[in-house]
Amino acid sequence: MIPKKKTKFALFFGNRGFMPESLALEARTEVSKAVTDAGYEFIIMDEKATRYGSVETREEGRIYAQWLKEHEGEYDGVILSMPNFSNENGAVLALEECGKPILIQAYPDEIGKMGFDQRRDAYCGKFSIVDVFRQYRVPFTALQPHVVHPSTEAFAQNVRDFAAVCRVVNGMRKFTIGCFGARTTEFKTVRFDEITLQKYGITVETFDLSELIHRVQSMKDERPEVVAKRLILLNYSDCSNVPDDKLTIIAKISVVLDDYIAEYHLQALSLRCWSELQSILGVTPCVILSELNERGIVASCEIDICTAINMYSLQLAAEEPAACLDWNNNYGDDLDKAILFHCGPVAQSLMEGKGTVTDHKMVAKTAPGCGWGSNEGRIRSFPMTYSNCITEDGMLTFYVDEGEFTNDIIEDGFFGCAGVAQIPDLQNKLLTMGRGGFRHHTAVGVGHFKSVLYEAFKYYLGYEILELER
């Protein structure tokens with residue numbers, strides 16, 4: 001399972017002196033409780049550091065900015081709470097250099113409390129703060145509804161969504177992905193531009209497949225890591241039909257990849273999965289990639305670096321494994337359904353049950369016994385987000401959309417790991433993807449995170465977005 005790190009927020013409270021400033025003290029209590037109740041942690045400036053521990057003036061903004069610097073590395077994002085109209089000048093001075101996502105929350109007014117000593121006017125004040133933040137080029141998050149009380153479920157959902165935005169933004173601003181092997185000439189659809197990716201903070205470390213194969217061939221069967229990995233694989237999937245020597249080779253490849261991951265601090269990888277591994281080592285790496293995805297190391301096949309990038313974003317958002325799948329088949333006459341498939345790199349937790357490791361049927365057609373490692377099964381039903389990206393003309397462009405994996409049956413003769421996806425207006429979206437230069441793969445993740453990824457990609461990470469809806 002993927003280890004989960006609890007998101008921590010720095011809390012900020014705005015103020016404006018001629019508004020009822022006493023509301024700032026109430027906000028400290030209410031927002032703190034709401035964040036804790038939602039399952040997150042927070043840090044908060046001492047209320048004696050400024051009036052009510054809030055920020056109105058430029059000087060108070062500088063005090064808060066200094067406090068943030070003293071706590072650098074301790075928080076993942078900032079929640080800017082507006083208990084009243086709140087001063088935009090103090091807010092922007094406080095947060096313009098924080099370098100983290102900022103959620104702007106404004107309190108609602110209440111009917112029956114609209115007198116001057118109780119009225120908040122945060123509904124209006126929110127416009128002033130977001131306007132000045134935009135002028136200063138300070139990225140921020142503003143979610144619906146426009147005003148929301150911290151005690152409501154709507155705010156709790158805002159906090160959950162914002163936590164996901166923080167995970168995606170902080171995780172993707174700088175990370176390293178391993179590329180194992182050269183792109184096969186048949187797969188021009190998985191071309192990518194390393195320089196473009198580097199511009200966005202994504203480092204690609206490339207490794208020759210011959211080096212990986214040499215490490216495997218030089219590794220002794222009795223090496224403790226190999227013995228331990230065999231046991232892991234035996235427990236992970238149904239390997240009962242796998243020849244013993246093939247299971248050992250699969251275990252060795254997994255150990256070698258683990259060594260690379262540790263040495264180069266990889267958050268993700270993509271592997272040239274055919275045909276050298278089959279012709280030289282006599283195995284297929286599908287179950288290895290499946291197990292990597294299950295423990296939180298994003299792994300795609302066919303040297304599809306771009307899909308691995310999307311898998312990483314989906315994993316960060318959901319804190320669950322993501323998968324690389326083909327847009328593989330229509331599902332009868334239902335125009336809004338398609339079979340998404342791959343040979344077996346899907347994490348076990350995304351499947352209905354344990355997979356079965358087989359001799360890859362496509363490989364076995366011409367080289368029987370050389371394709372052991374395909375992990376066959378069925379993808380379980382769950383709400384899902386799907387996404388992919390391309391590098392073109394120095395830009396990194398994504399599409400993001402949502403659908404569902406259904407309980408629809410796929411006939412037994414269908415090999416590999418597959419599921420039926422239902423996506424509204426699928427035919428128009430397929431046309432838009434195709435004309436936009438997107439590939440035959442898509443990344444899928446658990447849950448509906450379209451708005452989260454859109455927020456992170458567009459407003460913080462600077463990616464281009466292709467709108468699929470016509």
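**Chat notes on a predicted model**

Q: Cysteine 417: buried or exposed?
A: Buried. Its relative accessibility is 0%. Keep in mind that this is a predicted model.

Q: How many disulfides are there?
A: The count is zero disulfides. Cysteine 417 is in none, and the nearest cysteine sulfur, in cysteine 286, lies 10 Å away.

Q: How do the lining residues of the largest pocket divide: nonpolar, polar, charged?
A: Six are nonpolar, five polar and six charged.

Q: OK, packing. How many residues has the largest nonpolar core?
A: It has 58. The residues with the most contacts inside that core are Phe9, Val168, Met172, Ile177, Ile309, Phe457 and Tyr463.

Q: What is isoleucine 177 in contact with, leaving aside neighbours within four places in sequence?
A: Its contacts are Ile202, Thr203, Val204, Glu205, Leu266, Ala268, Leu269, Ile305, Ala308 and Ile309. Another core lies apart from the largest one; it has 38 residues, including Val256, Tyr260, Cys273 and Ile288.

Q: Now aspartate 76. Where is its place?
A: Aspartate 76 sits in the loop between helix 2 (58-70) and strand 3 (77-82). It counts as buried because its relative accessible area, 16%, is under the 20% cut-off.

Q: What does aspartate 76 touch, not counting residues up to four places away?
A: Lys5, Lys6, Thr7, Lys8, Lys100, Pro101, Cys166 and Asn170. Lys5 is also among the residues closest to the centre of the largest pocket.

Q: And threonine 248, where is that found?
A: In helix 9 (residues 244-264). Threonine 248 is buried, at 9% relative accessibility. Beyond four places in sequence, threonine 248 touches Asp221, Val226 and Arg230.

Q: How are threonine 248 and leucine 233 separated?
A: They are 15 residues apart along the chain, and 10.0 Å separates their C-alpha atoms.

Q: Backbone next. Cis or trans from glutamine 144 to proline 145?
A: Cis, with omega near 0 degrees. Proline 145 is in the loop between helix 4 (122-135) and helix 5.

Q: What about the bond from tryptophan 274 to serine 275?
A: That peptide bond is cis too, with omega near 5 degrees. Serine 275 is in the loop between strand 7 (268-271) and helix 10 (276-281).

Q: Aspartate 121: positive or negative phi?
A: Positive, about 60 degrees, though the residue is not a glycine. Aspartate 121 lies in the loop between strand 4 (102-106) and helix 4. It is buried, at 18% relative accessibility.

Q: And aspartate 425: what is its phi?
A: About 55 degrees, positive, and again this is not a glycine. Aspartate 425 is in the loop between strand 15 (417-422) and helix 14 (426-435). Aspartate 425 is partly exposed, with a relative accessible area of 35%.

Definitions and conventions: Residues numbered from 1 in each chain as written. Predicted model: local features only at pLDDT ≥ 70, side-chain atom pairs only at ≥ 80, totals over all residues. Heavy atoms only, no water. 1 Å grid on protein atoms, 1.4 Å probe; cavity = no way out; pocket = protein on both sides within 12 Å on 5 of 7 lines; lining within 4 Å. Nonpolar A, V, L, I, M, F, W, Y, C, P; charged D, E, K, R; others polar. Core = buried A, V, L, I, M, F, W, Y, C linked by side-chain atoms within 4.5 Å. Buried < 20%, exposed > 50% of the residue type's maximum accessible area, 1.4 Å probe, protein only. Contact = heavy atoms within 4.5 Å. Disulfide = S-S within 2.5 Å. Helix = DSSP H or I, 4+ residues; strand = E, 2+ residues; numbered from the N terminus.
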